[in-house]
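Open the model in your viewer and keep the selection tool at hand. This tour goes stop by stop: what to select, then what is there.

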Amino acid sequence: MPAAESGNGKPLPILVVGGGIAGLTCAIEAAEAGNRVVVVEKSPCLGGRVAGFHQYFPKLCPPPCGLEINFRRIRNNSLIAVHTLAELKDLCGKPGDYEAIIRFNPRYVTAQCTMCGECSRVCPSETPDPFDYGMSSARAIRLPHRFAYPAQYAIDREACMDGCHACADACRYGAVDLAQKPVLEKMRVASVVVATGWAPYDAARIDNLGFRRFSNVITNVMLERLAAADGPTGGRILRPSDGKVPRAVAFIQCAGSRDENHLPYCSGVCCTASLKHAAYIRSQYPDAKITMFYIDLRTPGELDHFAAKTVADTGIELIKGKVARVQEHPGSRDLLVTAEDVLRGRKITREYDLLVLAVGMVPQTADLPMGIRTDQFGFVTEAASGIHGAGCARFPADTAASVRDGTGMTLRAMQSVSAGRES
Amino acid sequence: MTGRMGVYLCSGCGIGDAVSLEGLAKLATTELKAAVCRTHPFLCGDEGLALIREDLASGAIEAPVIAACSPRVKTDRFCFPPGEAPERVNLREQVAWCHAPNDDDTQMLAEDSLRMAVARLGKLSPSQPLAEAVSRKILVVGGGITGITAALEGAAAGYEVLLVEKEAQLGGFLGGVKKLYPTGTPYTQEEQGGLAEKIRAVSANPRVTVLCSTRVVQTEGQPGMFDVTLENRHCSTHRVGAIVMATGWRAYDPTRLGALGYGLPDVVTNVEIEKMAAAGTIVRPSDGRAVRSVLFLQCAGSRDPEHLNYCSSVCCMTTLKQIGYFREQDADCQVFVLYRDMVTPGPYEMYYQKVQNHPLNFFMKGGVTGVRRDDEGRLLVSADSSLIGARIELVVDLVVLATGMVPNSADNEALLSLREAKKSLERNPTDKQRQEAVAVVEQLGSLEGSQVLNLAYRQGPDLPILRDGFPDSHFVCFPYETRRTGIYAAGAVRAPMDAALAGGDAAGAMLKAIQSIQLATRGQAVHPRVGDDSYPIFSLQRCTQCKRCTVECPFGAIDEDEKGTPKLNPYRCRRCGICMGACPERIISFHNYSVDMIAAMVKAIEVPDETEEKPRVLIFACENDAYPALDQAGARRATYDASVRIVPLRCLGSMNIVWIADALSRGMDGVLLLGCRFGDDYQCHFIRGSELANRRLENVKDTLERLQLEPERVQMVQLAIDNYDSIPALIDDFAARIRALGPNPYKGF
């Protein structure tokens with residue numbers, strides 16, 4: 001049987017759902033091995049969660065550095081078609097020949113955009129910026145973030161004022177098109193890689209830890225934004241309540257993880273991430289006191305070096321035990337943490353001015369079409385088909401593991417392309 | 001490139017408001033001899049692009065120079081087939097957006113930027129891609145679960161695979177394992193792993209040739225054309241295009257764990273327990289009696305600077321599984337686990353919870369302080385377990401040491417030193433050299449024969465390793481980065497991992513192997529300069545055999561003959577240009593990147609004479625990190641000193657110090673090098689580029705001394721891509737220091 005081919009006689013492409021680090025790795029690796037690839041990413045730009053991080057562990061290096069190289073690889077490769085603001089709505093078919101229904105949501109800004117920024121300057125609407133987890137506000141029309149790829153503005157239409165067209169008027173290049181509508185399109189693909197990534201567990205669901213009730217209780221992903229140069233504080237880690245420098249910071253590990261009422265599994269990355277965050281704090285505030293409440297310090301493989309070095313460098317106090325209760329001092333907004341200290345067999349109460357909840361990873365697979373199988377937690381499971389999970393959609397993974405997985409799953413996806421060629 | 005050139009100026013995005021485009025147009029058509037010069041308010045729009053296309057189509061020009069935004073943006077718009085991306089002048093991010101509008105200095109910067117681009121264009125030569133015949137066969141070294149999986153995955157993608165195993169049969173460590181711990185949903189049931197089926201499948205696969213009892217004696221050549229000599233009973237040579245190294249791991253040597261009781265009867269390792277379980281019932285080795293109580297000691301020789309200074313990441317799960325072996329034999333068996341941290345990441349947590357919930361399994365955080373044997377042959381383990389209060393002593397029938405994984409890799413650097421020392425001894429050395437060489441041979445002689453791939457490379461016989469012996473990538477975002485192009489490590493030799501992860505890792509490494517073959521077929525570079533078809537060309541008649549290029553290439557691409565003449569293996573080359581930067585004779589160049597080209601760009605910069613009080617600062621910027629950071633500073637409308645002239649380099653390691661000497665002897669006042677962080681946590685994508693550039697600055701000091709110039713005129717700064725906010729102060733401070741030093745006395749010479 002000949003290869004399943006698209007109308008113009010070429011082998012069918014691989015569909016990659018999700019343009020975070022795993023998905024974009026898949027797309028690039030597949031294309032550099034000679035395959036056509038279509039990437040659909042539901043947000044306005046590629047990069048996913050890592051684009052919002054300050055640094056990677058264990059090297060403490062900035063994510064835009066690797067993303068820059070990856071975006072250049074995409075720019076230079078004509079085999080990759082990137083569709084942002086696009087979602088997979090339906091999927092049917094068999095390995096080697098699937099039909100995917102893709103919804104293309106409007107960007108309201110065309111490829112004519114030069115990124116000059118005039119539109120943002122005249123936009124009258126401010127909206128909480130989801131890239132900063134709501135810690136800053138942004139204009140309705142904006143570049144999603146500093147190093148965004150594609151380098152093209154987008155409009156958050158829900159944030160627009162009724163009837164406003166200030167941006168369209170201001171754009172000298174005719175790049176604003178407020179009349180755009182969503183479009184559904186069919187696409188034939190040989191195989192599918194589901195790389196829809198993760199979202200941080202909703203910390204507001206953990207009653208006893210005070211998130212949302214107390215302004216100085218933040219999550220680990222929020223701390224990344226506070227530390228990032230392009231974040232809401234220009235890279236300075238400050239208390240949300242009053243913008244003051246924190247003097248005593250506590251990390252609460254397994255916040256909503258390893259807990260049957262929340263996420264029963266371990267997200268595997270939060271221990272190393274919190275140690276990295278301790279390093280951020282120490283580099284800005286050499287005198288800050290840092291405590292970590294943990295159950296097990298999980299820093300597998302060579303990450304153990306990073307853990308040992310960071311514990312030594314930061315002077316972080318490690319307390320094995322679960323936090324029972326967090327209370328807020330009404331005047332100072334400082335936080336009172338009550339926890340068990342398992343190793344000393346006692347209950348302790350401590351005061352901190354900033355609390356960081358190390359929340360876990362929730363796979364983003366709930367909205368995927370039927371036929372993509374997941375386990376009891378929502379992670380995509382291995383199936384003998386042309387549909388493959390990659391990265392944090394498949395298991396909780398750090399960046400390097402996501403990239404490795406994305407690379408491996410690329411080969412599996414390629415096999416479906418060539419499977420079409422054989423009998 | 002000497003053809004007709006056209007200059008296209010964009011006045012959009014504020015460029016026209018900041019810079020006189022009439023001035024630039026005049027420069028283009030007179031001094032720069034542009035055949036055509038056009039200005040458009042929206043050059044990347046359809047109408048603007050049509051102007052350029054028409055001029056190309058009519059033959060009015062052969063090459064456009066686009067003076068508009070950064071070359072990092074609008075690449076999909078400004079691309080005119082065929083051939084390479086057009087020459088770009090960054091008038092927006094690095095001129096109009098970051099310098100005072102309508103200012104003399106800003107205008108001079110814009111003009112110099114155009115001059116530099118035209119100079120660069122003038123030095124481009126046509127590409128002559130490599131086009132040798134490439135083998136599509138892939139060698140997999142190691143027939144454990146990683147190697148078997150790699151072979152099956154590669155075959156399923158349509159590639160021929162040669163699978164080589166040093167033992168008499170396939171299977172590796174997994175061959176002796178009773179069962180595997182759970183890796184799939186619901187994550188609580190042990191698994192069989194399917195090794196036997198995989199061995200059958202790989203043995204029967206028509207695309208896979210399996211060779212057991214076979215060693216790699218030598219690996220010569222380069223990606224696409226490795227010639228591998230294998231020794232079975234006889235030697236045979238096989239041509240392959242790429243290599244996956246899946247040589248697995250061995251258990252840490254337990255005889256070094258005497259302090260934990262190893263050597264006493266009934267103190268065994270997890271590896272020994274696995275063998276006993278696979279063979280039948282586990283009994284006390286000393287007397288053959290049933291095991292009624294057992295203690296597992298986690299991190300035995302792991303996470304310990306005296307032993308393995310890392311976590312092997314599988315021992316906790318293995319212990320949980322092995323607890324099951326005892327439980328199956330005896331429902332009432334008492335099990336104790338003494339741990340530091342139970343490492344059961346991801347859904348593996350479910351298995352930990354299941355085992356932990358059994359009433360006869362006791363998990364305690366603590367460290368062992370001693371293991372003794374009493375008169376009745378029972379083991380007394382004393383431990384510091386703060387969990388149940390201070391010191392405890394446990395009496396058990398059996399102690400299991402959960403030992404870690406040691407990679408089956410070779411220490412390339414040490415083997416290289418050993419080889420050099422032996423060569424030195426053969427060469428009639430001086431007494432001092434002989435002493436040194438003898439010392440090296442004594443120290444490292446025991447490594448002889450530990451080679452795995454036996455690469456016939458000038459830079460050593462194996463993959464370079466990281467600190468704990470794993471030939472892993474140093475990069476978080478590029479975990480399959482390799483310093484030996486076309487050779488990829490996978491599985492437990494690359495990093496400690498279990499069979500489930502090793503399967504995925506095998507697929508990843510196989511994909512990279514396939515990709516390197518694909519790119520070699522097209523004569524193109526692999527990551528990070530994927531698709532680049534340039535390669536260094538050596539003018540050997542001027543070579544002085546100084547060996548700098550062969551020593552400094554981070555990828556071992558250049559071998560040398562007896563005399564030290566370099567011999568490039570272009571398919572190993574990653575096109576960073578570090579060899580070009582290293583060469584004191586300047587004999588190395590690429591068709592699209594050369595010492596001559598950058599020198600011409602430097603020469604194109606106008607240097608005002610000293611009475612004008614307009615210093616000139618030359619910046620060499622790494623194009624991967626510093627250059628985007630400079631763009632970002634512009635995008636944020638940060639302003640900085642307009643005396644700078646920015647030249648992007650493929651890697652700061654490609655900087656040849658002759659450019660600095662040229663710049664200073666032409667009267668430029670200072671040179672600033674912006675490269676990536678180096679040291680242990682280096683960020684240079686070409687491994688050592690920025691470090692080597694920094695080292696070369698030592699030689700620049702001599703040049704400065706000769707010219708009687710202040711050493712402060714040349715400085716290197718490590719600048720990460722997200723350090724854009726520090727750029728204005730960095731540049732302004734440097735420019736201020738240069739102004740304070742006064743003009744370079746060589747101006748006007």
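Two strands pair if DSSP finds at least two bridges between them. Helices (H or I, at least four residues) and strands (E, at least two) are DSSP runs, numbered from the N terminus. This is a predicted model: local features need pLDDT of at least 70, side-chain atom pairs count only at pLDDT 80 or more, and totals for chains, interfaces and linings use all residues. Residues are numbered from 1 along each chain as its sequence is written, while chains are lettered from A and ligands numbered from 1 in the order in which they are written.

**Stop 1**

Select β23, β26 and β27 of chain B. These three strands form an open sheet in the order β23-β26-β27, and the pairing is antiparallel. At the edges are β23 (537–538) and β27 (593–594) of chain B, each pairing on one side only. Now pick β26 (residues 588–590) of chain B: two bridges join this strand to β27(B), and the two run antiparallel. Which residue stands opposite B:Ser589 in β27(B)? It is B:Ser594. Strands of a sheet pair through backbone hydrogen bonds, either parallel or antiparallel.

**Stop 2: chain A as a whole**

Along the principal axes, the C-alpha atoms of chain A fill a box of roughly 70 × 55 × 35 Å.

Next, colour by burial. A residue is buried if 20 or more other C-beta atoms lie within 10 Å of its own, exposed if 12 or fewer, and partly exposed in between; C-beta atoms are placed from the backbone. Of the 423 residues of chain A, 58% count as buried.

Two residues are in contact if their C-beta atoms, placed from the backbone, lie within 7 Å. Among contacts in chain A between residues at least 6 apart in sequence, 70% join residues at least 24 apart.

**Stop 3: the domains of chain A**

Domain bounds come from an automatic or database domain assignment. Colour domain 1 (14–105 + 182–197 + 364–419) and domain 2 (201–360) of chain A. Their centres, taken over C-alpha atoms, are separated by 31 Å. Ten residues of domain 1 of chain A are in contact with 16 residues of domain 2 of chain A. On the domain 1 side, the residues divide into six nonpolar, three polar and one charged. Here Ala, Val, Leu, Ile, Met, Phe, Trp, Tyr, Cys and Pro count as nonpolar, Asp, Glu, Lys and Arg as charged, and the others, Gly among them, as polar.

**Stop 4: where the chains meet**

Bring chain B back. The contact takes 63 residues from chain A and 66 residues from chain B. On the chain A side, the elements that give two or more residues are α1 (21–32), α2 (63–75), α7 (303–314) and α8 (399–419). The largest share, 13 residues, comes from α8(A). The chain A side divides into 27 nonpolar, 18 polar and 18 charged residues.

**Stop 5: domains and a helix in chain B**

Chain B is divided into domain 1 (1–122), domain 2 (138–248 + 451–521), domain 3 (252–406) and domain 4 (411–449). The centres of domain 1 and domain 4 of chain B, taken over C-alpha atoms, are 57 Å apart.

Now zoom to helix α10 (residues 349–356) of chain B. Its buried residues are B:Glu349, B:Met350, B:Tyr351, B:Tyr352 and B:Val355. What covers them includes α9 (315–329) and β16 (361–365) of chain B.

**Stop 6**

Most residues other than glycine have a negative phi, and most peptide bonds are trans.

- A:Phe57 to A:Pro58: this peptide bond is cis, with omega near 0°. A:Pro58 sits in the loop between β2 (37–41) and α2 of chain A.
- B:His527 and B:Pro528: a cis peptide bond joins them, with omega about 0°. B:Pro528 is in the loop between α13 (499–521) and β23 of chain B.
- B:Lys33: phi is near 60°, a positive value in a residue other than glycine. B:Lys33 is exposed, with 10 other C-beta atoms within 10 Å.
- B:Ile687: phi is positive, about 70°, although this is not a glycine. B:Ile687 counts as buried, with 23 C-beta neighbours inside 10 Å.
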